[in-house]
2 protein chains.
Amino acid sequence: MPIDITAVTLAELRYVVALSDQRHFGRAAKSCRVTQPTLSAAIKKFETTLRVTLFERSSKHVAVTPLGAQIVEEARRVLDATDRIGDLAARGHRPLSGPLRLGVIPTLGPYLLPWLVPPLREAYPDLQLVLREVKTSVMVEELAHSQLDAGILALPIPARGMSSSPLFEEPFLFVGPSGHALGKKTSVKEGDLEGERVLLLDEGHCLRDQALSICNKVGATTDDRESDFRATSMETLRHMVGAGMGSTLLPALAVSDDEEARSHVTVRPFVAPQPGRRMVLAWRKTHPRAEDHALLAEFIRKHAPDVVKSTRNHATKK
Amino acid sequence: MPIDITAVTLAELRYVVALSDQRHFGRAAKSCRVTQPTLSAAIKKFETTLRVTLFERSSKHVAVTPLGAQIVEEARRVLDATDRIGDLAARGHRPLSGPLRLGVIPTLGPYLLPWLVPPLREAYPDLQLVLREVKTSVMVEELAHSQLDAGILALPIPARGMSSSPLFEEPFLFVGPSGHALGKKTSVKEGDLEGERVLLLDEGHCLRDQALSICNKVGATTDDRESDFRATSMETLRHMVGAGMGSTLLPALAVSDDEEARSHVTVRPFVAPQPGRRMVLAWRKTHPRAEDHALLAEFIRKHAPDVVKSTRNHATKK
DNA sequence: TCGGAGTGATCGAACGTGCCTATCGACATC
DNA sequence: GATGTCGATAGGCACGTTCGATCACTCCGA
């Protein structure tokens, strides 16, 4: 009959380790907060199920057999690991602690995270933040499949079963080549885009869809079919504009103060009604730690740079 | 209320790991040989006692939370360690396997072990032999205090509560300086030692006591009080004899075939009644693996070199 | 030689709990 | 709307862990 390790209890392992430490049934029992008969019985059962003798008892001394010593070592490992489980769990129900896999869209991540991460680490040192920069289309997939816990993206969320909390509104800025006609004005309005050739990002970026929708509304050209004119990143988009291939719309956070000097472009804000995008923190409705996400959203609203208007309304909506 | 890690069961950890692997309650339950309600309840209890959510259930998918993944990892460690306990135990009740701390007296060890250890390792590869070379006085201490499992020494055993199994009788040989008068005979008898100056080992060696007892019987000189004449090892004893400081008695195994050439000494065997010592394997009466020791004694009898006469009587006596 | 102190083993009772079968409710699919 | 799948729930049984009380043994001092 083979050994049935299933029948072993964690309590028994604790008793075995305690007895190995104390070499005395009474003291070992006391250190385990049980009575001596309990400990005796447990040790005996353990030895019986394993069919080995761990302890050599005499009326005066309790000695550990060599095999017993090896088993005690493993038992210690077992108990250590269980303790670590307890620690993980204890840490786990403090707010915003433990692992959190956060997705951020690439048109926002590089510009928001430098503002966000340092204070977040300071405020919640136990938070193990795993950041992934993924396009909206991928993000909703990963959110739905539990590969991400939450994500920062722009409305509308192209998926069902998601909860979200508003973060801020990020206005778009007009970016054209240096010397562009619109550069003569201090600000532009949406309608000014009529007839402009507006360069777009690659498929899958929400920024592309948002810009495209504005262009369609006001009658701007978008070269939609010519893939040569689709940039795979905003950096590429900048260079294409700087090279005079067209104009574009960039989210405010992505535009630095010395943008015009750095990229040889003209940057102008829009007058109201400002086009822009509404950023939210989103997560699966079924996610067990929704409170954490609400807390995180609140934190992001507080620490978003001034360029964007943090949303005051904290309500969570579908 | 703090988390009571005491309340978790190894079974629960198995279920948690299985569910993390299978992502399906039914299959996980089957892989654990329990019914699905059992597994559901166990997972729920585990999550309740730890007050964390390990699994995100929906009617179609079971997903592991990030914290859950960490806990599952630790749970795996726990189960691995328990499995190792099972392995240790399983190995443990095969004969002559696992750790065995064996003491050997220094006047025998270097000459017996080369004959003994190689076949022993081959016959019992799972035996983890830890050898210690200790004088008889120390050995009985360590045997009594469970620091050794068994020991090879000469009768009589200066301790109570020991069992032993006879191994072999090892005759003593007369060793004198080259050109010694007794060298003219092919063999000597005990009485020839009368008037000889016999050199002895240091205190604590049983060989000293045995030689001393013979010397006292036949009236040989032993310089008992002059510590300068006490050798701390048999090697020293050899050199002292070779230097003409006196004669000595050496156990047969310690004398090599080319002893006379190598050490410039004269070696002669005794005629019957041959003086010698009776070697035994000894262990605490209370030692839980006495069968192993009987087995080991039998093995030693079989593999002892021909110089000594293996005892045929296998009986264990006090 | 006797008794007291200290140790581990044993016994019977009671409570807790882990497991089972049977069933339900939610959801998806046809 | 019927069917099938999946996980949760309910009820009940049985085993095992625990405790208090007690026993058997050894050692040691009077």
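**View 1. Lining of the largest pocket in the predicted model.** E2(A) gives the most to the lining of the largest pocket, with three residues. Strand E1 (55-57) and strand E2 (62-64) of chain A each supply at least two lining residues; helices (H or I, at least four residues) and strands (E, at least two) are DSSP runs, numbered from the N terminus. The pocket holds about 600 Å³ of space and is lined by 22 residues, with A:Ser58, A:His61, A:Val62, A:Ala63 and B:Ser146 nearest its centre. A pocket is an open set of points, on a 1 Å grid over the protein atoms alone, where a 1.4 Å probe fits, with protein on both sides within 12 Å along at least five of seven lines; lining residues have an atom within 4 Å of a point. Grid points are joined across faces, edges and corners, and a volume is the space filled by probe spheres set on the points. By class, the lining has seven nonpolar, nine polar and six charged residues (Ala, Val, Leu, Ile, Met, Phe, Trp, Tyr, Cys and Pro count as nonpolar, Asp, Glu, Lys and Arg as charged, and the others, Gly among them, as polar).

**View 2. Lining of the second largest pocket.** The second largest pocket has about 420 Å³ of space. Of its 21 lining residues, A:Ala144, A:His145, A:Ser146, B:His61 and B:Ala63 are closest to the centre. Two or more residues come from each of strand E3 (98-104) of chain A and strand E1 (55-57), strand E2 (62-64) and helix H4 (66-92) of chain B. E2(B) has the largest share, three residues.

**View 3. Surface near DNA strand D.** DNA strand D is surrounded by 19 residues, the closest being A:Thr38, B:Pro37, B:Ser40, B:Lys44 and B:Arg57 (near: a heavy atom within 4 Å). H3(B) contributes the most, four residues.

**View 4. Polar contacts to DNA strand D.** Each pair shown consists of N or O atoms within 3.5 Å. A phosphate oxygen is 3.1 Å from a backbone N or O atom of B:Phe25, and a phosphate oxygen is 2.9 Å from a polar side-chain atom of B:Ser40. The side chain of B:Gln36 places an N or O atom 2.9 Å from a base nitrogen.

**Notes.** Residues are numbered from 1 along each chain as its sequence is written, and chains are lettered from A and ligands numbered from 1 in the order in which they are written. In this predicted model local features need pLDDT of at least 70, side-chain atom pairs count only at pLDDT 80 or more, and totals for chains, interfaces and linings use all residues, while side-chain values use heavy atoms, with hydrogens and water left out.

Note on methods. Polar contact = N/O pair within 3.5 Å; in protein donor to acceptor, adjacent residues only side chain to side chain.
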